[in-house]
Amino acid sequence: MNINEYIDHTYLKAFGGEEIIKKLCEEAKEYNFKSVCVNPYYIELARKLLKGSNVLVCTVIGFPLGQNTIETKVFETKDAVEKGADEIDMVINIAALKDKKDDYVYNEIKEIKNACGDKVLKVIIETCYLNEEEIRRASALSLKANADFVKTSTGFGTAGAKVENVCIMKDVVKDNAKIKAAGGINNFNEAKAMIDAGASRIGTSHGVEIVKGE
């Protein structure tokens, strides 16, 4: 297993300056991670730093609460793509999902997918706030809206990725969409457990430790 190829090397805290993003990108190039995941403010810097490498630039939309309007999220997405993002990780409107406003959730994902064009869309459903029925419904809506991935967590909720939730998501999407596990994955064994459960991507700020732990 080349676990480095699964990793979105991530830094999304509010207080990280340019030196931290430079270090993130240098590590991503050194270990050949799949992407770096940064806040939208750093898309252009990351694109510049990663020029000539195979490492993708991933960013987040409606982060971390998902409570922005659809129009705001669509604008954010278009702006991110224009600035050079290869992949978009959006947070759904969790309250709308819990209120069973499935048409709203579906339309939100669909409109953002349209705004992505040919870029990859990962849909963060924030499993720590959902029961099994809600995880299944969110995964099904993401699949229906043609999302490329369903993602467990922002890493800013009350808990991160759990193997049992990855299994539920996999049961819904089968091989018709991929799964990204993120939040609290700090070592090789935790990452491998997520991959064994069905994850195709690992979002973590501990990519270097994971690779060295292999």
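Trainee: Lysine 100: buried or exposed?
Mentor: Lysine 100 counts as exposed, because its relative accessibility is 56% and the cut-off for exposed is over 50%. Bear in mind that this is a predicted model.

Trainee: Where is lysine 100?
Mentor: In the loop between helix 4 (94-98) and helix 5.

Trainee: And what is phi of lysine 100 near?
Mentor: Near 65 degrees. That is a positive value in a residue other than glycine. Most residues other than glycine have a negative phi.

Trainee: What about phi of glutamate 126?
Mentor: Also positive, near 55 degrees. Glutamate 126 lies in the loop between strand 5 (120-124) and helix 6.

Trainee: Is glutamate 126 buried or exposed?
Mentor: Buried, because its relative accessibility is 2% and buried means under 20%.

Trainee: Backbone again. Which peptide bond is cis?
Mentor: The one from phenylalanine 63 to proline 64, with omega near 0 degrees. Proline 64 sits in the loop between strand 3 and helix 3 (70-83). Most peptide bonds are trans.

Trainee: Let's do the fold. What do the eight strands make?
Mentor: A closed barrel, in the order 1-2-3-4-5-6-7-8, with parallel pairing. On average, neighbouring strands are turned by 25 degrees against each other, direction ignored.

Trainee: Which strands does helix 1 touch?
Mentor: Helix 1 (residues 18-31) packs on the sheet and touches strand 1 (7-11) and strand 2. The direction of helix 1 makes about 170 degrees with that of strand 1.

Trainee: How many bridges pair strand 2 with strand 3?
Mentor: Four, in the parallel sense. Strand 2 covers residues 35-38 and strand 3 covers residues 56-61. Cysteine 37 stands opposite cysteine 58 in strand 3.

Trainee: Which residues of strand 8 are buried?
Mentor: Arg201 and Gly203 on one side, Ile202 and Thr204 on the other. Both faces of strand 8 (residues 201-204) are covered.

Trainee: What about strand 7, how many residues are buried there?
Mentor: Four of its five, so strand 7 is mostly covered. Strand 7 (residues 178-182) pairs with strand 8 over three parallel bridges. There, alanine 181 stands opposite isoleucine 202. Strand 6 (residues 149-151) is joined to strand 7 by three bridges too, and they run parallel. Phenylalanine 149 stands opposite lysine 178 in that pair.

Trainee: Switching to helices. At what angle do helix 6 and helix 7 pack?
Mentor: About 45 degrees, with the axes 9 Å apart. Helix 6 (residues 132-144) and helix 7 (residues 163-173) are therefore oblique to each other. Their crossing is right-handed.

Trainee: Which residues make the contact?
Mentor: From helix 6, they include Ile135, Ala140 and Leu143. From helix 7, Ile168, Met169 and Val172 are among them. By class, the contact has seven nonpolar, two polar and three charged residues.

Trainee: Last one, tyrosine 104. Where is it?
Mentor: In helix 5 (residues 102-116). Tyrosine 104 is partly exposed, with a relative accessible area of 31%.

Trainee: What does tyrosine 104 touch?
Mentor: Thr69, Ile70, Asn93 and Ala96, not counting residues up to four places away in sequence. Tyrosine 104 and asparagine 93 are 11 residues apart in sequence and 8.7 Å apart in space, C-alpha to C-alpha.

Key
Residues are numbered from 1 along each chain as its sequence is written. This is a predicted model: local features need pLDDT of at least 70, side-chain atom pairs count only at pLDDT 80 or more; totals for chains, interfaces and linings use all residues. Side-chain values use heavy atoms; hydrogens and water are left out. Two strands pair if DSSP finds at least two bridges between them. Helices (H or I, at least four residues) and strands (E, at least two) are DSSP runs, numbered from the N terminus. Axes are lines fitted to C-alpha atoms, for helices over the stretch in contact, and angles run from 0 to 180 degrees between N-to-C directions. Contact means heavy atoms within 4.5 Å. Angles under 35 degrees count as roughly parallel, over 145 as roughly antiparallel, 65 to 115 as roughly perpendicular and the rest as oblique. A crossing is left-handed if the near helix is turned anticlockwise from the far one by less than a right angle, and right-handed if clockwise. Ala, Val, Leu, Ile, Met, Phe, Trp, Tyr, Cys and Pro count as nonpolar, Asp, Glu, Lys and Arg as charged, and the others, Gly among them, as polar. Buried means under 20% relative accessible area, exposed over 50%, partly exposed in between (1.4 Å probe, protein chains only).
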